[in-house]
Amino acid sequence: MSRNNTFSGTTEHELIEELEQAIDQALPAAWSLTVEHQPKHGKYRLDAVFRVDAPDGSHATVVAEVKASAEPRAVQASFQQMQNMRVAASADAIVFVAPFVSPLARERLGEAGIGWFDGTGNMRLALEWPSVLIQRSGADRNPFSNPADRRLKSLRGPGAARVVRSLLEIELPVGVRDLAMRAEVGAATSARVVDLLDREGLIERGAGKMISEVRRRPLVHRWTDDYGLTRSNEVEQAVDPRGLAHALDGLRSSEDQYVVTGSAAARTYLPADVLPVAPLTTLVLYADQPRKLARSIGLRTTSRGANVLLVRPFDDVLVKGSRIEGGIRYAAASQVVADLLTGPGRSTEEAEQLMNLLAEKDPRWTA
């Protein structure tokens, strides 16, 4: 890549300069840093090679590889080339540099032992000797946009939610059209969502572009970047002064439509010998008519001190696949996970516990 290339308003050379400044500022005062721009090592013309010198005479070299795009699929495809560049330069580490490196791309890079740096401040550089660890956080969402790029970039909205929920549960392999029928969306919507998930390395496609694999745990995490229990739905706060057990008892005899999600639902998926990782402090209920349900089971709406959240779902897919247990209707496990990941209190820990249990039967939920 030419050092004069420009993307997202930033040149490659400017990104290298920003990386140099970030490393230099993080090193102790007595250390030194030098950079060589576009040196040739073997058959590779490298974007930059940094040398870190410690006062004791030890030193390390770092190769920087700059890319215009850091979509997870593209990042994974370049792993071998980057490792070859590191070997060609006899370097101790390699850093992937781009205007923006997404959380999923950073996770993939970390798994491959590769560092990263982007224009929003995300950075990781680890050297064994001399010992260096620089880790910083920047943006988790891409602030740069290309008006000419019409591809889907978000999983926000009913269409994406329906496709994602189907992929979290459907038997594989499956084609785009069959997926659209299962998700009850148009074929174009299904294709756009599948293209996004493919670019982000969350699915694998085989012969005939059939979806042959789904990484369900990373997929639900990616969905909750754009979907949130309280962000995406209308929420009413309520209180049952007699406690959550009373509210749950009221649901057994209620004729109103509801589905329990969150912590209370997660408990129904745990084996009898497994204790929840957190106490039940908030009851979360999906309801098309929250206030009517609240009156029928004796709740009082409130602006503070709530122990019940009444959620009007933005789409019916959120209550699809619910099941009855002990006379109470509970949300599907995949929906419970998504709601816990974006819910109140220690719900993230409960989501991880539930995903660990799902992974025991379905390896696609493995971390």
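## A walk through a predicted model

Visitor: Which residues does Ile 170 contact, leaving aside neighbours within four places in sequence?
Guide: This model is predicted. Ile 170 sits in the loop between α5 (158-167) and α6 (176-183). Leaving out neighbours within four places in sequence, its contacts are Leu 179, Arg 182 and Arg 216.

Visitor: Is Ile 170 buried or exposed?
Guide: Buried means under 20% relative accessible area. Ile 170 has a relative accessible area of 8%. So Ile 170 is buried.

Visitor: Where does Asn 307 lie?
Guide: Look for two strands, β17 (300-301) and β18 (308-312). Asn 307 lies in the loop between them.

Visitor: Which backbone atom does the side chain of Asn 307 reach at 2.9 Å?
Guide: Asn 307 is buried, with a relative accessible area of 13%. Not counting residues up to four places away, it touches several others, among them Val 239, Asp 240 and Leu 244. At 2.9 Å, the side chain of Asn 307 reaches the backbone nitrogen of Asp 240.

Visitor: Which helix gives the largest share of the lining of the second largest pocket?
Guide: This pocket holds about 240 Å³ of space. Its lining includes Leu 354, Leu 357 and Leu 358. The largest share, five residues, comes from helix α14 (residues 347-361).

Visitor: How many residues in the lining of the second largest pocket are charged?
Guide: The lining includes Glu 360, Lys 361 and Asp 362. Six lining residues are nonpolar and none are polar. The charged ones number three.

Terms used:
Residues numbered from 1 in each chain as written. Predicted model: local features only at pLDDT ≥ 70, side-chain atom pairs only at ≥ 80, totals over all residues. Heavy atoms only, no water. Helix = DSSP H or I, 4+ residues; strand = E, 2+ residues; numbered from the N terminus. Buried < 20%, exposed > 50% of the residue type's maximum accessible area, 1.4 Å probe, protein only. Polar contact = N/O pair within 3.5 Å; in protein donor to acceptor, adjacent residues only side chain to side chain. Contact = heavy atoms within 4.5 Å. 1 Å grid on protein atoms, 1.4 Å probe; cavity = no way out; pocket = protein on both sides within 12 Å on 5 of 7 lines; lining within 4 Å. Points joined across faces, edges and corners; volume = space filled by probe spheres on them. Nonpolar A, V, L, I, M, F, W, Y, C, P; charged D, E, K, R; others polar.
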